[in-house]
Amino acid sequence: MSGEEFVPLSLTPLLIGTFAAIACALPGNFLVLRKQALIGDAISHVVLPGIVVAFLVTGTISTWPMMLGAAGAAVVAVVLIEAIRRLGQIEPGAAMGVVFTTMFAAGVLLLEQTDTSTVHLDVEHALYGNLESLIWLDATGWSSLLDIEALAGLPPELPRIALTLVGVTLFTWLFWRPLKISTFDEGFARTIGIRTGVLGMALVITAAIAAVAAFDAVGSIIVIAMFICPPAAARMLTNRLETQIAWSVLFATASAVSGYVLAGYGPLWLGGADAVSAAGMIATMSGLILAAAATFGPCRARIGAHTSA
Amino acid sequence: MLDLISNEGVTVGDQGLAESPLAVRGLTVSYGQKPAVFSVDMTVQPGAMTAIIGPNGAGKSTLLKAALGIVSPLSGQVTVFGQPLEKQRARIAYVPQRASVDWDFPTRVIDVVLMGLSRELGLLGRVRARHKACAMDCLNRVGMRDFADRQIGQLSGGQQQRVFLARALAQGADLYLLDEPFAGVDAATEKAIIAVLKSLKEAGKTVVVVHHDLATVTDYFDHVFLINTRKVAEGPVAESFTAETLQSAYGGRLATAQIDQLSRAQG
């Protein structure tokens with residue numbers, strides 16, 4: 001494919017898909033190890049009341065109020081989940097279950113009880129996003145990457161998710177050591193002065209922001225898949241957290257690129273006529289990578305199981 | 001308790017507070033309706049090895065965790081070397097119960113020991129050769145040098161416990177608090193751990209151990225702290241580890257025959 005075709009039509013969706021995948025996979029590594037990986041699922045449900053409230057307040061369906069509403073709802077949800085988990089001393093999964101079903105129900109109730117029901121909330125859009133439509137029509141080829149006028153026409157999702165990825169990466173890099181120690185041994189972490197409660201909250205809030213930014217660009221399917229599949233697959237390839245993170249980034253990238261390409265061309269290769277959803281295909285690819293890692297990965301045995309004896 | 005109330009006692013008590021590596025006053029901790037630890041005073045003797053003893057669910061681990069700020073007490077004061085806990089964190093090393101962490105965590109033995117140096121390393125400080133050498137030295141002291149590159153899940157329970165002890169050694173603390181370090185470990189590990197703890201004591205460090213094996217108390221420790229939600233007794237083993245204090249801590253749960261045997265063993 002030539003640059004004239006690739007840059008306007010495929011470069012931006014590829015980058016957005018990849019950035020979204022990595023932004024979710026990075027905090028996903030810690031969430032999987034902390035048995036909090038379902039937070040991605042929880043967040044994609046709780047954004048509903050946030051979006052409805054944002055619509056009620058502003059009266060428009062524009063991106064920024066919706067995203068702020070979604071982010072606000074996600075933050076409220078993770079704070080509630082952490083609070084219930086710590087005060088009630090229960091499993092994180094149980095706390096998530098209580099919070100996200102309640103908030104999702106509140107969102108549906110709000111939707112039905114107010115005149116927002118006239119607004120069309122597209123389920124398919126929420127699930128799969130619209131990655132294929134995030135094209136860059138102002139671009140004419142690779143040279144457009146240096147053309148300020150053309151760059152102004154980039155889909156706004158790209159700088160948003162890029163900025164989110166920078167933030168998530170900075171957080172992971174800066175708090176790497178305390179994150180690792182408190183994920184492994186929270187009691188010890190507290191005795192050396194790490195504020196584990198604040199750090200745990202910061203981690204889930206970072207995850208929530210990544211989820212909302214990705215959700216806006218690529219839909220909830222990728223968010224849910226990327227929090228779990230790349231980190232879980234990476235865990236089965238290595239016994240070192242540093243290496244696991246590197247693998248998870250590689251797997252997230254591989255899922256995004258291969259999923260996007262296969263969604264566009266796979267059906268044609270198989271003799272079909274239409275392309276399939278890129279987001280759905282990206283999630284499928286991450287699932288296939290996980291399945292392969294679970295079958296062939298060198299570190300897939302539950303090592304803890306036989307040492308206790 | 002009584003002599004704390006008399007005038008003389010107050011002075012003695014306060015001096016003890018200032019010098020004690022770990023002093024706890026009026027500590028109450030509750031996880032729900034019932035308190036796990038109720039109004040406990042404890043003054044750990046400097047340079048001694050103290051065992052915290054009591055029946056299951058008596059609040060031994062909770063006392064330690066509350067003293068370290070891992071769980072929040074309902075009330076009470078903790079001082080470490082005469083100062084608030086937060087100012088003295090660098091002088092404390094804590095060895096949690098082995099079962100409290102997930103040993104499937106993707107990390108190597110040496111990385112766990114290096115966690116003991118994290119105050120020195122700070123947020124972004126690089127692990128240098130001298131840090132690695134220090135960690136290897138600590139592993140050597142617990143006889144685990146050859147296991148440095150193993151994944152922690154591949155170790156036996158006793159080996160895991162020794163790695164935890166090596167991490168505490170790397171902290172270079174003055175006060176060592178260990179939660180059930182002998183629970184479910186092999187005899188070789190128990191010997192290795194007690195040898196390290198005795199060497200710490202000889203170096204003038206203070207060691208406090210939550211302990212469950214009454215038969216080894218007189219061999220291993222010089223001080224005991226008996227607890228059953230409330231404090232039962234505190235003092236040198238010869239004075240405070242007696243048939244009466246044990247009966248009062250364990251109640252009917254400890255057979256009289258066992259107590260007789262124990263008091264014969266120490267008498």
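Modeller: The expected span of a helix is taken as 1.5 Å times one less than its number of residues. The model discussed here is predicted.

Biologist: What span should helix α7 of chain B have, and how far apart are its end C-alpha atoms?

Modeller: Helix α7 of chain B covers residues 157–170, which makes 14 residues. At 1.5 Å a residue, these should span 20 Å. The computed separation of the end C-alpha atoms agrees with that expectation, being 20 Å.

Biologist: How many residues of α7(B) are buried?

Modeller: A residue counts as buried when its relative accessible area is under 20%. By that criterion α7(B) is mostly covered, and of its 14 residues the number buried is 14.

Biologist: Which residue just after α7(B) takes a positive phi?

Modeller: The phi in question is about 55°. The residue that takes it, just after α7(B), is G172(B).

Biologist: Is N140(B) buried, partly exposed or exposed?

Modeller: N140(B) belongs to helix α6 of chain B, residues 129–141. Its relative accessible area is 44%. Buried requires under 20% and exposed over 50%, so the class of N140(B) is partly exposed.

Biologist: What distance separates the C-alpha atoms of N140(B) and A166(B)?

Modeller: Along the chain, N140(B) and A166(B) are 26 residues apart.

Biologist: Which element gives the most to the lining of the largest pocket?

Modeller: The largest pocket holds about 1600 Å³ of space. Elements giving two or more residues to its lining are α3, α8, α9 and α10 of chain A and β1 of chain B. With four residues, the element that gives the most is α3(A).

Biologist: How many residues of the lining of the largest pocket are charged?

Modeller: The lining comprises 42 residues, and those nearest the centre of the pocket are R85(A), R86(A), E186(A), G187(A) and R190(A). Of the lining residues, 15 are nonpolar and 13 are polar. The number of charged residues is 14.

Key:
Residues numbered from 1 in each chain as written. Chains lettered and ligands numbered in written order. Predicted model: local features only at pLDDT ≥ 70, side-chain atom pairs only at ≥ 80, totals over all residues. Heavy atoms only, no water. 1 Å grid on protein atoms, 1.4 Å probe; cavity = no way out; pocket = protein on both sides within 12 Å on 5 of 7 lines; lining within 4 Å. Points joined across faces, edges and corners; volume = space filled by probe spheres on them. Nonpolar A, V, L, I, M, F, W, Y, C, P; charged D, E, K, R; others polar. Buried < 20%, exposed > 50% of the residue type's maximum accessible area, 1.4 Å probe, protein only.
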